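Welcome! Have a look at it first, and then read on.

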Amino acid sequence: MWDARQYLRYGSERSRPFFDLLAQVPQTHCKQIADLGCGPGNLTRTLSERWPDAVIVGVDNSPEMLRQAVTHAVPGRLSFHEADIASWQPEQALDLLVSNAALQWVGEHARLLPRLAALLGQGGTLAVQMPNRFHDTPSQDAIEATVRAPRWQKLRSVGLHAGAVQPLRWYIETLYGLGFTVNGWETTYFHVLTGDDPVLEWLKGTALRPLLDRLDAAETPAFLQELGERLRAAYPWSGDYTLFPFPRLFFVATRRTASEKGAGNF
């Protein structure tokens, strides 16, 4: 379903939230790190540069992405494995668990979050970034309006809200209840995109993949044309660029020590 080349077309824009997330990770030393939903592996590789003594594993369920990711592997230090985020289990407790733009594809966060928290050792950190475009954004509205058209009825069973991203407050309160200190924030990135139909091209690398996977080759051009018209109306071309606001949700949660558990602060 996934196309690493299409995903990396806007590689610099997609990488910025990853580094903004990592900038808030407090650990200076890590031995065991996992990147869940590692994609093509280029960002996972940077973890080995920041934590040179760590053993790092990248996990993804896409063979297409992993074919690109394995080119970044370092024997004994950085490896990549095919597995589902919802069921993957590390061999040892983790010092750092990173997930960048992946958990929105995984359902039942009320069950997922405690499971991920349990993978961390004493003082371990869970660092997560997710797109937060599923509520009241023009791009999501355009996708849903297109799918509602009678000719695309077969796409209505595809989960457009895969992962059911919750409000940030929910993640903070849930993780605090699990014994973590939580740093949470939301950011809207204003991407300045160029080229023909840039918002459509952006979405073809991520949000549209499940929908396009359901269409056959003869249907795809008509669907993209119809959606593209809506996106051009929602994100007009200025003459030089298209401005694409993209909201994202972040949290960095570190397991509290016994002395911190009574502090009463997030």
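Helices and strands here are DSSP runs, numbered from the N terminus. Keep in mind that this is a predicted model.

**A glycine in a loop**
- G37 sits in the loop that runs between strand 1 (32–36) and helix 3 (42–50).
- Is G37 buried or exposed? With a relative accessibility of 19%, it counts as buried, because the cut-off is under 20%.
- Leaving aside residues up to four places away in sequence, G37 touches V59, D60, I85, N100 and A102.
- E82 is 45 residues from G37 in sequence, and their C-alpha atoms are 9.7 Å apart in space.

**Helix 10**
- Helix 10 (residues 220–234) has 15 residues and spans 21 Å from first C-alpha to last, close to the 21 Å expected.
- Its buried residues are T220, F223, L224, E226, L227, G228 and L231.
- The cover over these buried residues of helix 10 includes helix 6 (138–147), helix 8 (198–204) and helix 9 (209–214).

**Salt bridges**
- The structure has seven salt bridges.
- One of them joins R111 and E108 at 3.2 Å, N to O, and both residues are exposed.
- In helix 7 (residues 168–177), R169 and E173 lie four residues apart and form a salt bridge with closest N and O atoms 2.7 Å apart.
- R169 is exposed at 62% relative accessibility, whereas E173 is partly exposed at 36%.
- K204 pairs with E201 in a salt bridge at 3.1 Å between the closest N and O atoms.
- K204 is buried at 18% relative accessible area, and E201 is buried at 13%.

Methods
Residues are numbered from 1 along each chain as its sequence is written. This is a predicted model: local features need pLDDT of at least 70, side-chain atom pairs count only at pLDDT 80 or more; totals for chains, interfaces and linings use all residues. Side-chain values use heavy atoms; hydrogens and water are left out. Helices (H or I, at least four residues) and strands (E, at least two) are DSSP runs, numbered from the N terminus. The expected span of a helix is 1.5 Å times one less than its number of residues. Buried means under 20% relative accessible area, exposed over 50%, partly exposed in between (1.4 Å probe, protein chains only). Contact means heavy atoms within 4.5 Å. A salt bridge is a side-chain nitrogen of Lys or Arg within 4 Å of a carboxyl oxygen of Asp or Glu.
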